[in-house]
Amino acid sequence: MKKPTDRQFNPDNKKFELGIYNYCDRWCERCPDTAKCFLYAKEQTTKKKHLERGENPNDLDIMMKDIIESFRETHELLEAQMKKMEIIKQDLAESPEPEEEPDFDKHPLVKKGRRYFELTHKFLNEFTFERQRMIMQFGIEISIDDISEEIKIISWYHSLLPSKCWRLLYDLYEIERETDWELKKIQLNDLPKIYNLIDKCVKESKGALLSFSKKRPETASVKKLAGLLEEIKEEVDKLKK
């Protein structure tokens with residue numbers, strides 16, 4: 001089966017939108033743009049290949065082999081691009097040492113993003129534990145049908161948000177140090193995408209948390225999480241100025 005090719009390396013391929021997967025929430029099941037996404041097509045092709053072989057795509061060994069194969073393909077693509085751009089390895093070897101990056105982990109945005117992850121993870125675990133306790137101790141199973149959507153949204157975005165906060169700071173740093181104006185224009189053009197993604201994470205999460213608190217008013221900690229999301233939004237807004 002022919003592998004899907006990203007338009008970044010094949011200008012004639014108009015099927016995929018260049019780099020659309022760089023600024024998404026990775027929730028493919030709910031994405032309206034999977035038909036434009038090279039990464040989605042590639043993952044579906046790989047999954048189909050495993051199923052045809054009778055393999056479990058989610059098996060750890062299989063996943064590790066896929067990762068190694070992905071690295072190999074990336075290396076080949078980079079080699080091809082370097083050859084096309086007439087970049088030789090000697091040029092890279094003689095390049096000056098890159099300057100040390102700032103410690104983004106100390107930035108308030110990253111700190112709050114990780115704090116949100118930790119508290120939300122704890123909340124989800126405690127909520128699950130309490131349900132199990134009620135079943136084991138009293139034989140009572142508490143239905144979560146009315147809040148299943150909220151739990152899905154909270155669970156999905158709480159791990160994504162801190163990594164995207166870090167990514168935003170890194171992108172801003174790269175833009176500031178870029179000396180090639182053409183590359184800087186591309187970076188500046190992409191910048192709103194990471195802002196929009198973080199805004200989406202915050203908005204979806206906050207909406208789900210507030211809805212959860214209305215349906216389960218006894219879970220007071222939920223409002224604290226929503227407040228922390230508001231603080232994250234404020235930090236992001238500062239960077240936009």
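This is a predicted model: local features need pLDDT of at least 70, side-chain atom pairs count only at pLDDT 80 or more; totals for chains, interfaces and linings use all residues.
Is Arg30 buried, exposed or partly exposed at 40% relative accessibility? Arg30 counts as partly exposed, where buried means under 20% relative accessible area, exposed means over 50%, and partly exposed lies in between (1.4 Å probe, protein chains only).

Residues are numbered from 1 along each chain as its sequence is written, and side-chain values use heavy atoms, with hydrogens and water left out.

**Figure 1. The whole protein is built from seven helices and zero strands.** Along the sequence, the pattern reads α-α-α-α-α-α-α. Helices (H or I, at least four residues) and strands (E, at least two) are DSSP runs, numbered from the N terminus. Of the 241 residues, 30% count as buried. Among contacts between residues at least 6 apart in sequence, 65% join residues at least 24 apart, a contact being heavy atoms within 4.5 Å.

**Figure 2. Asp25 is a buried residue with several partners.** Look for Asp25 in the segment before helix 1 (38–52). Its relative accessible area is 9%. The side chain of Asp25 reaches the backbone nitrogen of Trp27 at 3.0 Å. Another partner is Tyr157, whose side chain makes a polar contact of 2.7 Å with the side chain of Asp25. A polar contact is a pair of N or O atoms within 3.5 Å; within protein, one must be able to donate a hydrogen and the other to accept it, and residues adjacent in sequence count only if both atoms are side-chain atoms. Leaving aside residues up to four places away in sequence, Asp25 touches Trp156, Tyr157, Leu160, Leu197 and Lys200.

**Figure 3. Glu149 and Arg30 meet in a salt bridge.** Side chains of opposite charge can pair when their charged atoms come close. Here the N to O distance is 2.5 Å; a salt bridge is a side-chain nitrogen of Lys or Arg within 4 Å of a carboxyl oxygen of Asp or Glu. By this rule the structure has 24 salt bridges. Why does the pair tie together parts that are 119 residues apart in sequence? Because Glu149 lies in helix 5 (residues 148–177), while Arg30 is in the segment before helix 1. Glu149 is partly exposed, at 34% relative accessibility.

**Figure 4. Lys215 and Glu150 form a salt bridge.** Their closest N and O atoms are 2.8 Å apart. Lys215 belongs to helix 6 (residues 181–215) and Glu150 to helix 5, so this pair ties together parts that are 65 residues apart in sequence. Which of these two residues is buried, and which is partly exposed? Glu150 is buried, with a relative accessible area of 7%, whereas Lys215 counts as partly exposed at 37%.

**Figure 5. Lys112, Glu231, Glu235 and Lys238 are linked in a network of salt bridges.** Within this group, the closest N and O atoms of Glu231 and Lys112 are 3.7 Å apart. That pair links distant parts of the chain, 119 residues apart: Glu231 is in helix 7 (residues 221–240) and Lys112 in helix 4 (residues 108–138). Glu231 is partly exposed, with a relative accessible area of 34%. Lys112 is also partly exposed, with a value of 23%.

**Figure 6. Leu60, Met64, Ile67 and Phe71 form a nonpolar patch on the surface.** Together they have about 430 Å² of accessible area. Patches are made of residues with over 30% relative accessible area and no salt bridge; like charges are joined within 9 Å, and nonpolar side chains (Val, Leu, Ile, Met, Phe, Trp, Tyr) within 5 Å. Phe71 sits in helix 2 (residues 60–84) and is exposed, with a relative accessible area of 59%.

**Figure 7. The structure holds zero disulfides.** Cys37 is in no disulfide, and the nearest cysteine sulfur, that of Cys24, is 6.2 Å away. A disulfide is a pair of cysteine sulfur atoms within 2.5 Å. Cys37 is buried, with a relative accessible area of 11%. For Cys201, the closest cysteine sulfur is in Cys165, at 8.0 Å, too far for a bond. Cys201 counts as buried, at 0% relative accessibility.

Technical notes. Accessible areas come from the Shrake-Rupley method with a 1.4 Å probe; for residues, only the protein chains shown count as cover.
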